[in-house]
Amino acid sequence: MSVHFITTAAMVFMGALQCFAGPRIHWLETQYDFGAFNEDLGKVTATFRYVNTGDEPLVITGARANCGCTTPRYQVEPVAPGDTAQITVAYDASGRPGRFSKKVFVDTNTNPHRSTLTVKGVVIGAEASVAGRYPVEMGSLRLSRPSALLGNAAKGHAKSVFLNGYNRSTDTLALSVAGAPEWLDVTVTPQQTPPGEQVSLGFLVRPDRTPLYGVVTDTVTVMPDKRHPEQTYRLPVIVTMTEDFSGLSDAQLRKAPAATLSTDRINLGDIPADKPTTTSFTISNTGKSALELRRIYSTDAGIGVSVKKKSIKPGKSAEVSVTVKPTPGSELINARITVITNDPITPVQIIRLTATPVI
């Protein structure tokens, strides 16, 4: 055997010894999942164990997290070869509802010198934290609003509106919505909502599916979890159906109908509290084409309106009958009558009706 071969083998052996010499860190775990827990717990703590598998003392020279809400603690004393030690990582959930994933970077006198630890979980918001953003309680489901306010929806155009919810339980919710009116489609995203996470209710308004104009109210049935069909809640949905005049040309506008009301205020003064009172007003078409009465109504209790005509020719008029039936105990009536037509300039007009029921 040549001297050169022996020398080369010795150098390789010494290099291998140098690779394995010194402290070495072996983590028994590098991730910790807290799962879903309540914000009221405040700080939660995870423990990560490590072993010095090298042949020299191991020292942690520093540890820091990528967020101030996460705090690592460790021993500064050297860990002898073959010994086990641990580092604790505390996460402060106070005021932090929702899913989280935080990293802790640990520096040691090893090669490589840096290790990365991860803590994660889902914080289920405490009552005080959730109530501000999701005040409406439907069992384990919380909603941001007590009703779905869908705004204005023009005929010929679909409109989307979203309502956010929150799962405050420790179980996954399978939310469903049923009983929507024909003019409304409702979707739920995601269909499975994990604990402490948000869910979105999507409302797609299809105005052409209803002949109604103006304010339209209805309800849908919300079932927070399909596994418990006995738990249902009613959610009001409110939309204002309007007509789209944006496509009319100047020539069409000049030939359009025009709705002129005989008054914008009806004051009946004192009326009998125990029997209906009838009055009327007139709608005249002062335009150049047929005036279509889309809807005439009042959302105030005890106010009824009716009209025999649905279309008024140019230069003609129609009488609208108004019946006022005071509700028991009412002292003053201050109602609104809404008149909706195909007049592109003033499609919606309001008449104020006042009266004082007397016995």
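Predicted model: local features only at pLDDT ≥ 70, side-chain atom pairs only at ≥ 80, totals over all residues.

A: We may begin with the cysteines. A disulfide is a covalent bond between the sulfur atoms of two cysteines. In this structure there are zero disulfides.

Q: Let us turn to sheets. What is the strand order in the open sheet of four strands?

A: The order is β1-β3-β6-β5, and the pairing is antiparallel. The edges are held by β1 (25–27) and β5 (70–74); each has a single partner strand, so one side of each lacks a neighbour in the sheet. From one strand to the next, the twist averages 30 degrees.

Q: How many bridges join β3 to β6?

A: Strand β3 (residues 43–52) and strand β6 (residues 84–92) run antiparallel and are joined by nine bridges. To locate this pairing in the model, one may look at Ala46, which stands opposite Val89 in β6.

Q: In which sense do β20 and β22 pair with β24?

A: Strand β20 (residues 277–285) pairs with β24 in the antiparallel sense over eight bridges. Within β24, Glu319 stands opposite Thr282. Strand β22 (residues 303–307) also pairs with β24 in the antiparallel sense, here over five bridges. Thr323 of β24 is the bridge partner of Gly304.

Q: Where does Leu293 lie?

A: Leu293 belongs to strand β21 (residues 291–297). With a relative accessibility of 7%, Leu293 counts as buried. Ile283 is ten residues from Leu293 along the chain, and the C-alpha atoms of the two are separated by 9.4 Å.

Q: My next topic is the peptide bond. Which residues does a cis peptide bond join in this model?

A: Most residues other than glycine have a negative phi, and most peptide bonds are trans. Here a cis peptide bond joins Asn111 and Pro112, with omega at about 5 degrees. Pro112 sits in the loop between β7 (98–108) and β8 (114–124). A cis peptide bond also joins Thr189 and Pro190, where omega is about -5 degrees. Pro190 is found in the loop between β14 (184–189) and β15 (198–205).

Q: Finally, which residues are closest to the centre of the largest pocket?

A: The largest pocket holds about 150 Å³ of space. It is lined by 16 residues, of which Gly214, Thr240, Met241, Ile340 and Val348 are the closest to its centre. Two or more lining residues come from each of β16 (214–223), β17 (233–242), β25 (333–341) and β26 (348–358). The largest share, four residues, is given by β25.

Q: How do the residues of that lining divide into nonpolar, polar and charged?

A: The lining of the largest pocket has nine nonpolar, five polar and two charged residues.

Definitions and conventions. Residues numbered from 1 in each chain as written. Heavy atoms only, no water. Pairing = 2+ DSSP bridges. Axes fitted to C-alpha atoms, helices over the stretch in contact; angles between N-to-C directions. Disulfide = S-S within 2.5 Å. 1 Å grid on protein atoms, 1.4 Å probe; cavity = no way out; pocket = protein on both sides within 12 Å on 5 of 7 lines; lining within 4 Å. Points joined across faces, edges and corners; volume = space filled by probe spheres on them. Nonpolar A, V, L, I, M, F, W, Y, C, P; charged D, E, K, R; others polar. Buried < 20%, exposed > 50% of the residue type's maximum accessible area, 1.4 Å probe, protein only.
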